[in-house]
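Here is a short briefing to read with the structure open beside you. Take the topics in any order you like.

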Amino acid sequence: MKQNDPIQAARTGKATFVIRNANVVNVFTKEILHTDVALYEDTIIGVGAGYTAPKEMDAHGAYLCPGFIDAHVHIESSMVTPDSFARVIMPHGTTTIIADPHEIANVAGVAGIRAIYKLSDDLQLRVLFMMPSCVPATPFEHSGATLLAEDMEQFMRKSRILGLGEVMDSVSTINGNKDMLDKLRLFDKRPIDGHAPLLSGLDLNAYRVAGPSTDHECSNYDEVLEKLRTGMKVLIRIGSAANGIDEILKKIVEDHLPTDNIMFCTDDKHIENIQREGHINCIARLAVQCGIDPVEAVRMASYNAARAYGLNMIGAIAPGYKAEMVLFKDLKDFEVVGVFNRFGKPFDDTPAHMPVLPPQVFNSVHIAPLDEHSFDLPVKAEMPVIGLIPGQLVTEKRIKRVRSENGLFLPGDGLNKLAVIERHHALGYIGLGIVEGMNITNGAIASTVAHDSHNLVVVGDNDRDMRIAAESLVDCGGGFCVVSQGIVLSRLPLPIAGIITDAPVAQVLEIQRALLDAAASLGAGGQSDPLVTLSFLALPVIPAIRLTDEGLFDAENFRFFE
C-alpha cells in the first residue's frame, strides 16, 4: 500500500471494505451513530454514507466499537505462547495489549525479552511492550537475571517498546536509588507504569515526582481518588486473583468521578477464566452493571488506554485510525459478534508460525539437593502467619498459636507450610513460612510460576509431599504440580523459562482443570484459584506479608521478620 492510497480512497470514496448499518460508538463526542464505516486495507477512511467497496458486510445494528485494549498484562502468566494467548483473547474483542515481559526477564534476562518479542511478531493481535523496570523486583530475593539501564538501551529504538514497565520497588524509587533513577531517566518523556499498592501521602508524591504515571494496584476507592488527584492514570484490574472492584466502580458512579484517566487491565488472568468469563469485555460488562455509562465503559476499554500510552492510531473509529474494531451485540453484556484484527481483516483462528527460541530460555530450573530436613521450620508458640484474603492479592499479617513437634512447625488447624526455593543457580536458599487459607490436607502444590523472580514455591501439610512436588518440577523443566501421599496427581510442564508452554491451548486447559481438581481434592480452592494464589505468595512488593527464598518478608515496612 502506497502512502497516499488511503488519502485518495478517502477523497474518492472508493474503499476496499465497508461495514453497513452499524451503531458506531464515537469516543470523541460520546454518542452512538447509526451509519457505515469504510476501510482502505487496515485504515479507516471514513464514517458515514457515500462509500463503495468490492467487499461489504451488514452489521444489522450491532455496536461497532474500537478494539479493546488490555493496558497492562503479562503474557507469560497465561502460561501459553503469545500466539496462543492472542487466539484466546481476540474472540472477546481485545485487539491490542500492552505487555510487560518482566516474568520471562526475571528468569532469562535480555534473552527472555528477545524471545517474547520474537514470539509476538506478525500476530493478528497488536502486541506492544513496556520495558521491565525491576529485574529482580526487589533486592530481597534471588532471580535469574539482573537488568540495569545499560542493558535496556539496546531496546530503545524498537518500535513496539513504549516505555518503562511497572516500577515495583517503590522504596528504591522514593529513596533515589541510583540504579532505579538511571532507568527512570532513560525513559524520561515516555510512559512509565507504576505499581504502588496503598502508597499514600508524601511517599506517593515522591513516587509520582520520580516518574511513574499509572497504577493498577488500587484496592479501594480512596486510593483511586488520591492517585487520580496526583495526575496518575488508574488501571482497573480484574484478573484470576484480583477482583473485588465492584465497590470502586459504584463509588465512581456515585461521586460522578470523571473517567478520562481510568482504563482497564487484566494483569494476570488464566486462559480458562478468559474463555469462561471474557477478557476486557468482562470488565466493561461489570462497569455497566455498576452504573458506568456504556459509552464511558467503551472509552475506558479503548480510547483512554490508547491516549495514556501515546497510541494515536488506535482506540477510536474515525478517519486515519487503524481498523482494529469489535462488533458487540449490545453494550450491556458485550457479547462479541465480530472482530477486526490489526490488519483490518476479520479475525481467524489460524495459528502463527512458531519461531526458534534462544537456548537460554530452556532448562532453567536448578535447585540445590533437597533432603528430609530441607523444610524444617523452627517455631515459637506464636508465629507471624501469611493470611490469605479471598479474591485479593493483598494478604494479612496474622499472629497465630501454632502446633510444633521437637520445636519444629507441625501443619494443622488450617495452617500449611510454605517454602520458596531458589531455582535459578542452585544457590541453596530456601525461605520457610506459614500460610493460612490454602487449606491443604494430605498433599502439596508446587509451582515455578512465582511472581516475579519465579523461584520454586511449594505449599503443603507434610515435608515428603512438598519435596516430591519440588523435585517433580525440576524433572520437567518447571510448571505446576499437585502431589498427595507420595503420588503426583497432576502436572503441567512449562519448559520455556519454567513459565510457558508451546502446547495447544486445549491441552493446557485440560491439564489445568486436572490440576484444579487435584488441588480441590486436597481442600484447596474456594473463592480463589489456588494456583494463582500460590504464584503470588512470593511477591514482596504487595502488602502485607510474603515469603521469598531469603525468608519471611514484611512488605509494608520492606524488611525481613526476625
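Predicted model: local features only at pLDDT ≥ 70, side-chain atom pairs only at ≥ 80, totals over all residues.

The protein chain holds 16 helices and 28 strands. With a radius of gyration of 24 Å, close to the 24 Å that the globule rule gives for 562 residues, the chain is as compact as a globular protein of that length.

**Overall build**
- Along the principal axes, the C-alpha atoms of the protein chain fill a box of roughly 85 × 50 × 45 Å.
- Of the 562 residues in the protein chain, 62% are buried.
- Among contacts with a separation of 6 or more, 70% are between residues 24 or more positions apart.

**Surface and charge**
- The protein chain has an accessible surface of about 21,200 Å², and carbon and sulfur atoms supply 48% of that area.
- There are 49 positive and 71 negative side chains, and the centres of these two sets lie 5 Å apart.

**Nonpolar cores**
- The largest nonpolar core contains 134 residues, and those with the most contacts inside it are Phe68, Ile97, Phe264, Phe334, Ile386, Leu418 and Ile445.
- Helix α3, covering residues 102-119, gives the most to this core, with 10 residues.
- Another core, of 25 residues, lies apart from the largest one, and its members include Phe375, Met383, Ala469 and Cys476.

**A look at His92**
- You will find His92 in the loop between α2 (82-89) and β7 (94-99).
- His92 has a relative accessible area of 16%, which is under the 20% cut-off, so this residue counts as buried.
- Leaving out residues up to four places away in sequence, His92 touches Ile274, Gln275, Gly278, His279, Asn281, Phe328 and Val336.

**A look at Met383**
- Met383 sits in strand β16, which spans residues 382-388.
- Its relative accessibility is 15%, again under 20%, so Met383 is buried too.
- Beyond four places in sequence, Met383 is in contact with Pro378, Arg398, Ile399, Lys400, Val402 and Ile434.
- Met383 and Ala301 are 82 residues apart along the chain, and 44 Å separates their C-alpha atoms.

Notes: Residues numbered from 1 in each chain as written. Heavy atoms only, no water. Helix = DSSP H or I, 4+ residues; strand = E, 2+ residues; numbered from the N terminus. Rg over C-alpha atoms; globule rule 2.2 N^0.38 Å. Buried < 20%, exposed > 50% of the residue type's maximum accessible area, 1.4 Å probe, protein only. Contact = heavy atoms within 4.5 Å. Areas by Shrake-Rupley, 256 points an atom, 1.4 Å probe, with all protein chains shown as cover. Lys, Arg positive; Asp, Glu negative; His and termini not counted. Charge placed at Lys NZ, Arg CZ, Asp CG, Glu CD. Core = buried A, V, L, I, M, F, W, Y, C linked by side-chain atoms within 4.5 Å.
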